[in-house]
Amino acid sequence: MKPQELLSILSVAEKLKCNTRHCDTSSGRRESVAEHSWRMTFMAMLLEDEFPDTDINKVIKMCLIHDLGEAFTGDIAAFNKTEDDARKELEIYQEWIHQLPEYQKKQMSALLEEMEELKTKEAKLYKALDKMEAVIQHDESDIASWLPLEYDLQLTYGSKEVAFSPYLMELKKLIDEWTRDKIAKGK
């Protein structure tokens, strides 16, 4: 890859540092898309022993690129994102990928296709981590920042995505206990 191509790609990725998500951090500021992606990636690395028959390096790559489309569209909260929003984001993302150097274009296109199909262990794990990182971050934020609909959503979000893994179902159960305790205490 030519240095100029690298800088061009990094310039797009930098937007994920600037684009914020719906959720706050524990310090009370808006979380960036990049921070969400980084922690998902870190989660994948930490869980390598729990998923020995899964290509964790592939999961890490999926986690790193999964929200790159939001560099162009910004983040839309899951409860507000329509099918049309998701389609538009994917189209813009795919157009950008097709402008990349050949190796990166092939790699990202293949990963994105696998992620969209959600048939492989790797794609299922990436998707579950995406959901679990979001609910963990939400539990870490001040409950005063929660919308009324998020009290129920926090307990259901990601349940379907973790169902393939006993480990992830146990994690979700622990997060749900944390959520219930947070709601009961009101903080």
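**Reading the fold**

Modeller: Start with the overall size. A compact globule of 187 residues would have a radius of gyration near 16 Å, and this chain has 17 Å, which agrees. Keep in mind that this is a predicted model.

Biologist: What box do the C-alpha atoms fill?

Modeller: Along the principal axes, the box is roughly 55 × 35 × 30 Å.

Biologist: How many helices and strands are there in the chain?

Modeller: The chain has 10 helices and two strands. Along the sequence, the pattern runs α-β-β-α-α-α-α-α-α-α-α-α.

Biologist: What percentage of the residues count as buried?

Modeller: Of the 187 residues, 42% do. Now look at helix 7, residues 121-140. There, 16 of the 20 residues are buried, so helix 7 is largely enclosed by the rest of the structure. From first C-alpha to last, helix 7 reaches 28 Å, close to the 28 Å expected at 1.5 Å a residue.

Biologist: Next, packing. What describes two packed helices?

Modeller: Use the angle between their axes and the distance between the axes. Take helix 3 (residues 56-65) and helix 6 (residues 102-117). Their axes come within 10 Å and cross at roughly 90°. Angles of 65 to 115 degrees count as roughly perpendicular, so helix 3 and helix 6 are roughly perpendicular to each other.

Biologist: Which residues make the contact?

Modeller: Helix 3 brings Lys58, Lys61, Met62 and Ile65. Helix 6 brings Gln107, Met108, Leu111, Glu114 and Met115. By type, the contact residues divide into five nonpolar, one polar and three charged.

Methods:
Residues are numbered from 1 along each chain as its sequence is written. This is a predicted model: local features need pLDDT of at least 70, side-chain atom pairs count only at pLDDT 80 or more; totals for chains, interfaces and linings use all residues. Side-chain values use heavy atoms; hydrogens and water are left out. Axes are lines fitted to C-alpha atoms, for helices over the stretch in contact, and angles run from 0 to 180 degrees between N-to-C directions. Helices (H or I, at least four residues) and strands (E, at least two) are DSSP runs, numbered from the N terminus. Angles under 35 degrees count as roughly parallel, over 145 as roughly antiparallel, 65 to 115 as roughly perpendicular and the rest as oblique. Contact means heavy atoms within 4.5 Å. Ala, Val, Leu, Ile, Met, Phe, Trp, Tyr, Cys and Pro count as nonpolar, Asp, Glu, Lys and Arg as charged, and the others, Gly among them, as polar. The expected span of a helix is 1.5 Å times one less than its number of residues. Buried means under 20% relative accessible area, exposed over 50%, partly exposed in between (1.4 Å probe, protein chains only). The radius of gyration is taken over C-alpha atoms; the globule rule is 2.2 Å times the number of residues to the power 0.38.
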